[in-house]
Amino acid sequence: MTFKDLAIIEPILKALQEEGYTHPTPIQEQAIPILLNRKDLLGCAQTGTGKTAAFTIPILQHLYNSKGDTKGKRKIKSLIVTPTRELAIQINENITNYGKYTALKNVVIFGGVKQGGQTDALRRGTDILVATPGRLLDLISQGFISLQDIKYFVLDEADQMLDMGFIHDIKKIIAKLPFKRQSLFFSATMPPAIAEL
């Protein structure tokens with residue numbers, strides 16, 4: 001099984017080859033076809049198994065295939081929420097690498113730094129937003145971010161969110177999302193609170 005067998009489009013395949021990716025990991029092999037079919041997914045896989053590529057490749061492909069209908073400033077179509085700034089930065093870098101031939105834009109926001117650079121990037125418009133929960137809610141309340149156009153929502157490291165006390169923030173974020181969307185939850189373990197969410 002190769003990435004080509006998963007019906008990945010050429011611009012993304014080219015980027016994956018440059019990254020040295022030839023054969024998908026088990027989570028990628030199982031998740032990508034489901035996500036390309038626009039189904040929701042609850043994926044349980046340990047850190048380091050290639051989860052990021054499993055969810056970002058299908059999102060990039062969907063956005064690339066539907067970008068003909070965009071006029072004016074880019075609206076946030078995909079939201080990826082992750083518990084730490086390190087993870088957010090890493091996911092954003094991966095999206096940049098996998099999507100470099102798609103002309104899609106991605107922005108990362110996280111707390112612990114001044115918001116100016118992040119809000120400037122948001123003003124310029126983005127297709128994909130990677131965020132930590134606190135900064136995301138903060139910038140929504142300030143009017144910098146609207147979630148009304150989200151078509152793809154990813155909650156990454158859901159169990160870690162729970163451990164870090166983010167469950168209420170996550171519920172607030174989910175309440176602001178459009179009802180009609182593709183939802184992807186990834187977690188290394190599946191505690192009851194995550195299954196319920």
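These are my notebook entries on a few spots I looked up in this structure.

**Ground rules.** I'm working from a predicted model, where local features need pLDDT of at least 70, side-chain atom pairs count only at pLDDT 80 or more, and totals for chains, interfaces and linings use all residues. Residues are numbered from 1 along each chain as its sequence is written, and side-chain values use heavy atoms, with hydrogens and water left out.

**Entry 1: strand β2.** I started with β2, which covers residues 78-81. Helices (H or I, at least four residues) and strands (E, at least two) are DSSP runs, numbered from the N terminus. Which way do the residues of β2 point? Ser78 and Ile80 go one way, Leu79 and Val81 go the other, and all are buried. For the record, buried means under 20% relative accessible area, exposed means over 50%, and partly exposed is in between (1.4 Å probe, protein chains only).

Next I looked up the partners of β2; two strands pair if DSSP finds at least two bridges between them. With β4 (residues 128-131), β2 runs parallel, joined by four bridges. In that pairing, serine 78 has isoleucine 128 as its bridge partner. I also found β5 (residues 152-155), which pairs with β2 over four bridges, again in the parallel sense. There, isoleucine 80 stands opposite valine 154.

**Entry 2: helix α3.** How far does α3 reach from its first C-alpha to its last? I noted 22 Å for its 15 residues, 51-65, close to the 21 Å expected at 1.5 Å a residue. That expected span is 1.5 Å times one less than the number of residues. I also noted that 13 of the 15 residues are buried, so α3 is largely enclosed by the rest of the structure.

Entry 3: Phenylalanine 55 sits in α3, and its relative accessible area is 0%, so I wrote it down as buried. What does phenylalanine 55 touch, leaving aside its neighbours within four places in sequence? I listed Leu35, Ile80, Ile91, Val154, Asp156, Leu184 and Phe186, with contact meaning heavy atoms within 4.5 Å. Ile80 is one I already had, from β2.

At 14% relative accessibility, threonine 52 counts as buried. Skipping its neighbours within four places in sequence, I found threonine 52 in contact with Ile91 and Asn94.

**Entry 4: α3 against α4.** Those contacts sent me to α4, residues 85-98. The axes of α3 and α4 come within 10 Å and cross at roughly 50°. Axes are lines fitted to C-alpha atoms, for helices over the stretch in contact, and angles run from 0 to 180 degrees between N-to-C directions. I therefore put the two helices down as oblique to each other: angles under 35 degrees count as roughly parallel, over 145 as roughly antiparallel, 65 to 115 as roughly perpendicular, and the rest as oblique. On the α3 side, Thr52, Ala53, Phe55, Thr56, Ile57 and Leu60 meet Ile91, Asn94, Ile95 and Tyr98 of α4.

**Entry 5: positive phi.** Most residues other than glycine have a negative phi. Alanine 7 has a phi near 65°, a positive value. Alanine 7 lies in the segment before α1 (10-18) and is exposed, with a relative accessible area of 51%.

Where is arginine 38, which has a phi near 60°? I found arginine 38 in the loop between α2 (26-36) and β1 (41-44). Arginine 38 is partly exposed, at 49% relative accessible area.
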